[in-house]
Amino acid sequence: MVTVADPATSTIPRRSLLARLCRDHEQLVIGGGTLVAFLLAWEAFGESGLVDPLFISSPTRVAQAGFALLHDRDFWNDLGVSGREFILGYGAAVALAVPLGLAIGLSRRLQYMLSPFVDTLNAVPRVTLLPLIILWLGIGIWSKVVVVFLGAVIPIMINTQSGVKTSEARFIRVARSFSASRFKIFSSIVLPGTVPFIFTGLKYGAGRALLGVVVGELYAATAGIGHMIAEAGNTFQTDVVFFGVLIFMATGLVVVALLDRLEQRFEKWRPNAR
Amino acid sequence: MRAERNMRAERSCYLLHERAILGAAMVILFLLAWEGLERGWWADLLHPLLGAAAERFKLKPIFVSSPTLVAQAAFRMFFVTGEIWRDLGWSAIGYVLGLVLAIAVGIPLGLAAGWYRRFSYAVAPFLSALNATPQVAFLPLIVVWIGTGLGARILVIFLLAVLPIAINAHAAVRTIDPRLVKVAASFGASDWRLFRTVILPGSLPLVLAGLRLAVGRGMIGVVVGEIYGSASGIGAMINQAGARFQTDKVFVGVLTIVAVGVILAEVVQRIERRVEIWRPPA
């Protein structure tokens with residue numbers, strides 16, 4: 001595999017440069033190529049007349065619909081409503097679940113007291129409670145905030161708790177032998193060890209929170225991107241539906257990427273992480 | 001501290017069952033508090049303190065129902081009218097078919113992506129994009145394509161369940177000890193043999209972990225697929241009961257799903273343990 005630089009061949013022909021580029025960025029080339037091929041096939045299929053574009057739309061139609069929506073005040077209102085639901089519900093879930101998860105992990109008794117409820121809620125998709133929550137809070141924004149909250153709070157709490165439980169026992173024993181206080185043990189051993197678990201929970205929770213936004217708005221809402229998708233589906237505006245799905249997809253990717261970035265920041269201290 | 005130590009003998013019985021006792025106590029407290037909301041115990045109790053405002057702590061049964069009402073409704077639905085069995089059966093058909101389809105597609109796809117690097121480059125963008133999307137957002141599209149029948153529900157369940165299976169199968173092949181593969185290959189094992197004796201057993205734990213996730217995701221698919229425009233099934237039952245303010249029936253449906261979820265999780269865990277028996281303890 002080692003190539004010896006020969007002065008005679010140092011002027012690389014263009015084709016081999018291209019080949020080398022392909023080889024070095026194989027992942028990008030193949031991944032991007034498949035994606036482009038998929039979009040082209042979709043476009044061709046959608047415009048060929050074999051299938052009614054009403055059903056599958058096409059990338060250009062989706063782009064056009066998206067562009068048109070950008071000038072639509074209702075769309076920005078929908079986006080704002082969905083964003084608020086997500087941020088309020090997810091924020092509340094993080095604010096409650098991380099401290100509570102830590103407390104449950106630290107205190108055996110608290111775990112015994114709360115685990116029946118946590119386990120029960122964990123066994124059921126929380127969106128099942130949607131009809132009840134709508135009954136209690138109406139179809140406004142708050143019912144969705146609660147669904148989002150319920151969806152996100154359980155995975156974050158369970159992951160945080162299991163992170164505390166799996167703290168390295170040896171480290172704690174060492175710290176104890178050096179008579180570290182309980183707070184010191186918590187802040188310098190348990191908490192840093194739990195961070196990766198918390199982030200796993202946060203990523204899971206973000207997915208569940210988005211799911212809550214979508215389902216809550218599909219089910220009963222007067223505004224929001226999910227509501228927009230549902231309305232567009234009912235009126236066979238497939239392009240608008242696809243654009244809405246794309247927004248959710250982008251949101252999911254961005255949130256996970258942000259959390260990854262944040263996690264790296266917290267994990268910098270760790271020696272030879274991988 | 002010392003007094004506590006002296007009491008240890010008496011308390012050992014309590015300590016042995018601490019988990020059950022504390023857990024049960026909290027559950028009973030919760031149920032009593034709930035029952036009290038509906039029967040107005042709290043209103044009566046707080047009346048001397050708050051006066052007329054205490055009436056706010058008495059809620060209508062259509063709003064909160066109560067444990068006894070839920071139990072009655074459950075008894076009626078399971079054993080008297082038996083109406084819930086039809087819904088359960090209907091949901092189960094969609095769930096099983098969707099999950100089987102997800103397994104049939106997800107495991108080969110994931111294993112292939114794990115084994116063939118170039119194939120994984122090709123499918124990775126789609127998998128990660130789909131994984132980041134709440135897949136239920138496709139529901140209105142699916143309804144446009146194939147209506148609201150059984151097919152739509154199977155497709156939703158499939159979409160939700162296939163990703164964790166495929167992604168875990170992919171990761172499973174990637175994390176197999178390369179030395180094992182090398183040894184097998186140097187002894188001239190055929191691809192099929194390598195797959196059967198190294199790859200498959202080595203990737204099974206992660207694949208099963210993916211299956212455990214998929215089982216839960218599939219339940220989301222059942223519920224969402226049914227509350228969004230389906231006429232039968234347990235999710236549809238919950239939806240209709242909610243719309244008619246039959247709160248007790250809603251709770252029966254939710255608790256039934258809890259029970260099914262717990263049972264399914266237990267089944268998958270059993271399978272996992274069974275499969276892991278040959279493995280030396282880590």
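## A nonpolar patch across two chains

In this predicted model, A:Leu88, A:Trp136, A:Leu137, A:Trp142, B:Ile62, B:Phe63 and B:Phe245 make a nonpolar surface patch of about 670 Å². Patch residues have over 30% relative accessible area (Shrake-Rupley, 1.4 Å probe, with only the protein chains shown as cover) and no salt bridge, and nonpolar side chains (Val, Leu, Ile, Met, Phe, Trp, Tyr) are joined within 5 Å.

Helix 7 of chain A and helix 5 (61–64) of chain B each put in at least two of the patch residues. A:Leu88 sits in helix 5 (residues 73–106) of chain A. Helices here are DSSP runs of H or I, at least four residues, numbered from the N terminus.

## The A–B contact

Chain A brings 51 residues to the contact and chain B brings 52 (heavy atoms within 4.5 Å). About 4600 Å² is buried between the two, with 78% of that from carbon and sulfur atoms; that's accessible area (1.4 Å probe) lost on putting the parts together, summed over both. On the chain A side, A:Tyr112, A:Thr128 and A:Leu135 lose the most area, together 12% of what that side buries.

## Salt bridges

Four salt bridges link chain A and chain B (side-chain nitrogen of Lys or Arg within 4 Å of a carboxyl oxygen of Asp or Glu). A:Glu26 pairs up with B:Arg118 in a salt bridge, their closest N and O atoms 2.4 Å apart.

## Ground rules

Residues count from 1 along each chain as written, and chains are lettered from A and ligands numbered from 1 in written order. Local features need pLDDT of at least 70 and side-chain atom pairs 80 or more, while totals for chains, interfaces and linings use all residues, and side-chain values use heavy atoms, leaving out hydrogens and water.

Conventions:
Patch = residues over 30% accessible without salt bridge, like charges linked within 9 Å, V, L, I, M, F, W, Y side chains within 5 Å.
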